[in-house]
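Let's walk through a structure together, one question at a time. Keep the 3D view open and look for each part as we go.

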Amino acid sequence: MTYVGMPTPSETPQETMAKIAGTAAKMKVVIIGGGVSGLSAGWWLARSGASVTVLDKGIVGWEASGRNGGGASHYQSPLFEEEQRMWPHMDELLGYPTEHQQERLVIAVSPKQLNQYHYLAKMNNDMGYRVDLLDGDQVRAMVPLAGDNCLGGMHYRFGGHANPQRSVQAYAWALQDLGGRIVQHSPVTGFETDGGKVVAVHSISGRYEADAVVVAAGPQIQALMAKLGVEVPLAAARAEMIVTEPAPIMPIGGVDGNGLYGRQTLRGNLAYGGGPHEWLETFEAGPPARPSSPLTRNLARRVAELFPKAAHLNVIRSWAGIVENTPDGRPIIDRMKDPENVTVVTMSGVGFGLSPASGHAVRDLVVDGHCSFTDIAKLSLSRFDGIGADWREQRGWQPSQAA
Amino acid sequence: MHINNGTDPHAIGTKLPAPEARYDLVVVGAGPAGLAAAIAGAGEGKSVLLVDENPIPGAAMGNDVPLLFGGRMTTATQNAERMLETVFMSEPMLEAAMEAGVEVLLGTSAWGVYRNGPGITGLPENVVALADKDRGWIVGYGELVLATGARDLAIGFPGWNQPGVMGAAALERLLAHYEAFAGKRVLIVGSHDLALETALLARDKGVDVAGLVEVRSAPQGDAALAEAVRAAQIPFYLEDAPAEAIGGIDGVERVRLRSGAVIDVDTVVLAIGLVPSIELIDAMGGKRVLDGARGGYIPGDNAGVTCVGDCAGLADTGFDHVEYRMEWARELGKLSQPDTIVCQCEEVTRADLLGVQPPNYLSRPAPMQARSLDTLIQDGPPNPDQIKRLTRAGMGVCQGRRCRDQVAMMLAMAANGPFGSVPLATHRAPVRPLPLRILADWEESEDMRAGWDVWFGIPTQWVPYRDIDTPREREHQTAIAEGWSL
């Protein structure tokens with residue numbers, strides 16, 4: 001269960017699990033945020049023997065973690081090789097289906113896109129991740145829904161996709177099976193600190209004592225960390241997706257391109273997103289609404305261009321998710337200096353696919369103080385020291401009402 | 001760090017297009033209430049657009065959209081031009097509306113209403129999104145009147161998932177407006193006004209009515225209507241319920257009742273109740289409230305949108321529709337088997353819904369099999385959208401029309417709560433299944449095309465970790481960003 005296009009891992013996930021077992025015994029960890037990053041961290045910590053409580057303001061995976069394209073191919077990340085090592089084993093390790101599927105295709109319907117994909121293919125091959133270039137006929141042979149307008153594409157011999165909603169629930173259930181607690185509908189109201197540590201987390205459902213705290217609350221991280229005197233620069237925006245009725249199953253469901261991200265689900269539905277986003281104000285209680293917009297029409301057009309042979313398929317839903325971004329779009333995975341038992345994780349909009357690895361990194365920070373399997377120094381919060389209060393305005397990332 | 005001088009070229013900004021037309025008043029639905037609103041608006045000198053989705057395209061009818069047609073429409077419904085003429089002729093007020101200056105578009109569905117509000121500010125103005133058989137477009141409105149009527153309430157029982165099990169609203173549509181009902185002999189489920197009126201209409205249209213089945217001990221509707229049914233020699237099967245619809249390749253051939261009676265019919269008409277069509281209100285994030293006397297969930301107070309006719313709530317006659325349909329759901333639930341289908345599109349059985357099990361193309365390891373609605377409820381109040389995602393019930397091409405309401409009823413019963421204790425799964429635009437090529441904006445602005453991006457348009461996000469803070473970083477950023485637009 002490894003990838004043709006990836007370096008061979010030196011250790012199996014099962015060996016890793018055996019190694020970490022018991023390393024966090026008796027440690028009480030409170031995780032704020034039942035999205036995919038918080039739940040994966042909770043799962044890794046529970047596998048290490050920690051006593052884990054996840055607090056969520058609503059339902060697990062209800063925000064961006066359950067509303068994304070399900071992609072799992074983030075080669076830019078230092079967590080990528082760990083992601084790739086873990087995904088093919090996640091169903092077995094969690095005990096629940098994630099619908100994970102291997103490999104991806106990216107196909108072009110314009111020369112500009114083809115140029116970009118060729119660049120990305122070379123970039124990946126340079127890193128040792130195998131990408132094969134395809135011409136239009138090769139694409140049409142692999143992607144039955146592609147049309148004569150397809151100019152070519154690339155085949156990632158790694159990566160893949162999974163069902164976000166099912167995967168988030170799988171993490172949550174697996175965590176419970178290990179003795180972890182998930183407390184839904186329980187927003188956090190404050191922290192109790194003592195001697196440079198958070199000793200308890202206050203929530204509307206009660207007071208939770210903690211030896212360590214993980215803050216994985218998406219856009220709400222900013223307000224939560226502000227209560228601890230830590231500034232975390234984040235801006236949230238709305239992104240949209242559409243889904244069609246089922247199409248005949250393609251050999252590789254992870255096909256995108258033409259300015260879209262997405263996948264064919266195992267049921268056959270085409271689920272795709274992309275296009276302009278809308279920057280929003282962030283509210284401590286979470287988004288008041290997640291509306292989709294007439295962008296549905298622009299998405300429909302691009303899906304019809306990507307898959308001309310699916311243009312007759314009915315669109316049956318659209319939805320939106322609210323996603324937080326850091327100023328450089330890269331994750332923050334960092335253990336604070338003060339309070340020193342608090343670890344912050346935001347994946348800046350690409351958390352789902354990397355989740356099997358981000359949870360490992362958070363586990364390492366919480367238990368060992370450093371990441372054991374890769375360098376994540378460039379993902380520290382301190383890179384934003386002195387960024388200035390107007391960083392959103394500088395980027396044009398403020399809500400349009402204020403523009 | 002790459003900063004675009006205070007502007008984000010990939011933000012929505014003003015990229016969403018202005019509507020291609022604007023009316024003082026847009027009315028959705030050309031039933032009596034919609035026609036009256038449109039004609040009144042025109043009388044006040046307003047520019048008025050009245051849209052109605054009838055005649056429904058044959059493909060949509062085959063998916064039981066928007067009513068439960070149950071495959072019992074004749075092939076005449078495949079002839080769009082003939083149907084257009086038939087629909088127009090069936091409603092004389094349409095001509096009156098046109099004479100009053102109303103712009104009338106038949107065969108045109110309204111699939112979304114978009115307004116600036118919480119979570120969205122990028123719309124040039126409030127719009128309603130439309131589609132006909134050729135294309136989709138958006139129009140602006142000063143006032144919006146929804147007259148979308150009511151749709152069929154389906155409650156499953158063994159064998160209901162075959163051609164020949166249909167809804168009373170669909171039968172009325174086929175008999176009174178389309179002249180296209182393919183059945184010959186029907187059994188009607190229910191005995192409230194809807195069922196009684198359906199029986200009389202069918203009789204008047206020459207359809208053989210084999211009887212009405214009522215779970216309670218007496219006919220439920222208006223006494224005079226019940227008497228008219230009796231006078232027509234149509235029998236009531238009281239304190240009874242359909243235990244199974246039995247059929248062959250063309251669907252229903254007979255129905256076995258709980259009492260043991262077997263009735264030869266080609267069509268079972270579910271006339272337990274109608275559900276106000278709140279899809280547009282719900283999908284636009286409008287308010288909805290539960291009112292059992294008015295048919296279930298009805299629109300709340302929604303500024304700028306007026307609901308008229310059945311979509312605002314059925315006429316309050318003092319009858320508790322919700323209590324009645326819950327009684328039916330309990331009884332039909334008892335008559336159902338674990339493998340009785342609840343969601344036809346996704347083939348979700350009753351056992352899998354209540355067990356919160358994944359579809360059958362996924363594996364069910366032991367931990368998965370140990371999960372159920374009961375274990376989910378331990379984590380908090382069950383949410384139908386969460387259960388929908390896990391089981392796929394309501395995720396199919398009929399957009400949950402056939403199962404949304406019965407799933408809400410089943411979940412409430414399973415959670416030992418009243419109807420409404422588990423909310424109804426939400427509706428999402430497009431509220432009609434519409435082909436990609438129809439929905440697509442083929443004339444989008446250059447602004448949209450140039451500003452398109454895959455994901456937030458932050459070039460630094462995609463630079464390989466090892467190249468961050470190296471001379472290669474800028475090269476990557478430029479190359480990556482260049483291919484985002486078309």
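The questions below concern a predicted model, and each answer ends on what was asked for.

Q: Which residue of chain B stands opposite V315(A)?
A: Look for strand β16 (residues 314-325) of chain A, which pairs with β22(B) in the antiparallel sense over 2 bridges. In β22(B), the residue opposite V315(A) is L434(B).

Q: Are α3(B) and α5(B) roughly parallel or roughly perpendicular?
A: Helix α3 (residues 80-90) and helix α5 (residues 168-178) of chain B have axes 9 Å apart and pack at an angle of about 85 degrees. Angles from 65 to 115 degrees count as roughly perpendicular. That makes the arrangement of α3(B) and α5(B) roughly perpendicular.

Q: Which residues of α5(B) meet α3(B)?
A: The residues in this contact divide into 4 nonpolar, 3 polar and no charged. From α3(B) come M83(B), T86(B), V87(B) and S90(B). Their partners in α5(B) are A176(B), H177(B) and Y178(B).

Q: Which strands stand at the edges of the open sheet of 5 strands in chain B?
A: The strand order is β8-β15-β9-β10-β11, with parallel pairing, and the twist averages 25 degrees from one strand to the next. A strand at the edge has a single partner strand, so one side of it is left without a neighbour in the sheet. In chain B, the edge strands are β8 (165-167) and β11 (236-238).

Q: Which residue of β15(B) stands opposite I188(B)?
A: Strand β9 (residues 185-189) and strand β15 (residues 267-270) of chain B pair in the parallel sense over 4 bridges. Opposite I188(B) stands V269(B).

Q: At about what angle does α5(B) run to β8(B)?
A: Two helices can be followed against these strands. Helix α6 (residues 193-204) of chain B packs on the sheet, touching β9, β10 (208-214) and β15 of chain B. As for α5(B), this helix lies across β8 and β15 of chain B, and its angle to β8(B) is about 80 degrees.

Q: How far apart are the C-alpha centres of domain 1 and domain 2 of chain A?
A: Chain A is divided into domain 1 (13-98 + 164-232 + 328-402) and domain 2 (101-161 + 235-325). Their contact takes 30 residues from domain 1 of chain A and 32 residues from domain 2 of chain A. The C-alpha centres of the two domains lie apart by 26 Å.

Q: In which loop of chain B does P55(B) lie?
A: Most peptide bonds are trans. The bond from N54(B) to P55(B) is cis, with omega near -5 degrees. P55(B) lies in the loop between β2 (48-51) and α2 (58-62) of chain B.

Notes
Residues numbered from 1 in each chain as written. Chains lettered and ligands numbered in written order. Predicted model: local features only at pLDDT ≥ 70, side-chain atom pairs only at ≥ 80, totals over all residues. Pairing = 2+ DSSP bridges. Axes fitted to C-alpha atoms, helices over the stretch in contact; angles between N-to-C directions. Parallel < 35°, antiparallel > 145°, perpendicular 65-115°, else oblique. Contact = placed C-beta atoms within 7 Å. Nonpolar A, V, L, I, M, F, W, Y, C, P; charged D, E, K, R; others polar. Domains from an automatic or database assignment.
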